[in-house]
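User: Hi! I'm new to this one, could you walk me through it?
Analyst: Happy to, let's have a look together.

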Amino acid sequence: MLVWIIDEEWSDYDLEKEILTKTFPNIEIKRSTYDYKEDLENFGYKADGILCQVYADIPRNTINRLENCKGIAVYGGGYDRVDIEAAKENKIMVTNVQGYCAEDLADYTIASIYYANKQIEKYAKNVSADIKSGKWGATSVDRLQNRISNQTLLIIGLGTIGLAVANRAKLLGMKVIAYDEFLDEESIKKLGFEKVSWEEGLIQADYVSVNLKGCDENADKIKYDSLKLMKNTAYIINTSRGKVINEEDLIRAVNEKLIAGAILDVIKEEPGKVGDPIFECENILVTPHISYISVESFRALKEFAINNLIDMINGKKPKDMVY
């Protein structure tokens with residue numbers, strides 16, 4: 001039996017070997033980079049199962065070449081680089097991993113709120129210039145902010161991750177409102193939050209946490225017209241998928257000072273190129289898709305993906321089946 005790993009993120013696969021060999025003692029595990037065309041012809045076509053990183057392209061021509069594959073398990077929530085239709089046609093199951101890093105994404109979002117509110121980096125960077133110009137204390141502050149406990153957070157998408165963010169924000173005393181197309185007012189009320197319409201939420205929010213799935217239906221969900229509804233002091237925080245926000249519209253809104261700024265851990269084209277406009281906008285902070293990372297989340301991510309693959313190879317319905 002052969003399991004094929006397609007990945008460029010990690011340096012070792014000890015956990016994969018440990019778990020897979022317990023279930024399949026005679027298993028062979030091989031790894032390829034994202035440039036795996038030659039490996040596909042040499043051995044990949046024989047794989048009984050594939051573990052792949054979210055950045056690995058698994059198109060139709062690859063899937064059609066697979067002779068024994070029972071399942072493709074993606075290391076992460078995103079599966080847009082796997083041709084799902086081709087997998088269906090070839091009776092190959094596909095899984096992602098859901099909810100494994102909700103706590104980490106919530107921590108990132110709350111850290112972003114504090115970052116935007118306290119502006120520590122800005123004040124530290126400007127301290128020498130302030131001293132030279134005779135500024136210190138209140139004279140260094142160009143705009144007063146309300147306390148975080150007196151501000152409002154809009155959650156767009158109150159799923160597992162959105163709920164984790166909401167619960168943390170509630171502990172800070174924030175007013176938490178939620179927009180979710182799939183939850184009614186009573187369901188959101190039972191969770192302890194207030195349901196709002198799209199327009200109401202954007203108008204009220206001091207911070208917006210985007211927690212939507214990266215499906216085609218959500219592409220460019222947040223456009224210029226939506227950003228125009230927000231306060232000019234508001235920030236948008238995205239840890240979901242880059243495609244959800246129209247980046248040209250976001251840059252325009254920030255440059256026109258319609259909103260104060262954005263903190264993004266995801267962008268449309270990852271990893272992007274040096275000089276891309278999204279990296280050059282002064283009040284847009286971009287981090288390299290690291291919001292989910294912790295010792296605990298890495299282990300959970302690997303364990304969930306591996307167990308999904310084991311179920312698929314054994315002909316069982318896996319926990320995180322995409323279709």
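User: Which residue follows α5, and is its phi positive or negative?
Analyst: That is Q119, and its phi is positive, near 50 degrees. Keep in mind that this is a predicted model.

User: How far apart are the end C-alpha atoms of α5?
Analyst: They are 24 Å apart. Helix α5 covers residues 102-118, so at 1.5 Å a residue its 17 residues should span 24 Å, and the two values agree.

User: Which residues of α5 are buried?
Analyst: Among them are A102, L105, Y108, T109, I113 and A116.

User: And what do the buried residues of α5 pack against?
Analyst: Their partners include the strands β6 (152-156), β9 (207-210) and β10 (235-238), as well as the helices α7 (160-171) and α13 (295-313).

User: Switching to the sheet: what is the strand order?
Analyst: It's an open sheet of 7 strands, ordered β8-β7-β6-β9-β10-β11-β12, and the pairing is parallel. β8 (194-195) and β12 (284-286) are the edge strands, each pairing on one side only.

User: How many bridges join β6 and β7?
Analyst: There are 5 bridges, in the parallel sense. As one example, L154 has I177 in β7 as its bridge partner.

User: Where does α5 sit relative to those strands?
Analyst: α5 lies across β6, β9, β10, β11 and β12, and it runs at about 155 degrees to β10.

User: Back to α13, what do its buried residues pack against?
Analyst: α5 is one of the partners, and others include β1 (2-6), α1 (14-23) and β3 (49-53). Just after α13 comes G315, with a positive phi of about 80 degrees.

Terms used
Residues are numbered from 1 along each chain as its sequence is written. This is a predicted model: local features need pLDDT of at least 70, side-chain atom pairs count only at pLDDT 80 or more; totals for chains, interfaces and linings use all residues. Side-chain values use heavy atoms; hydrogens and water are left out. Helices (H or I, at least four residues) and strands (E, at least two) are DSSP runs, numbered from the N terminus. The expected span of a helix is 1.5 Å times one less than its number of residues. Buried means under 20% relative accessible area, exposed over 50%, partly exposed in between (1.4 Å probe, protein chains only). Contact means heavy atoms within 4.5 Å. Two strands pair if DSSP finds at least two bridges between them. Axes are lines fitted to C-alpha atoms, for helices over the stretch in contact, and angles run from 0 to 180 degrees between N-to-C directions.
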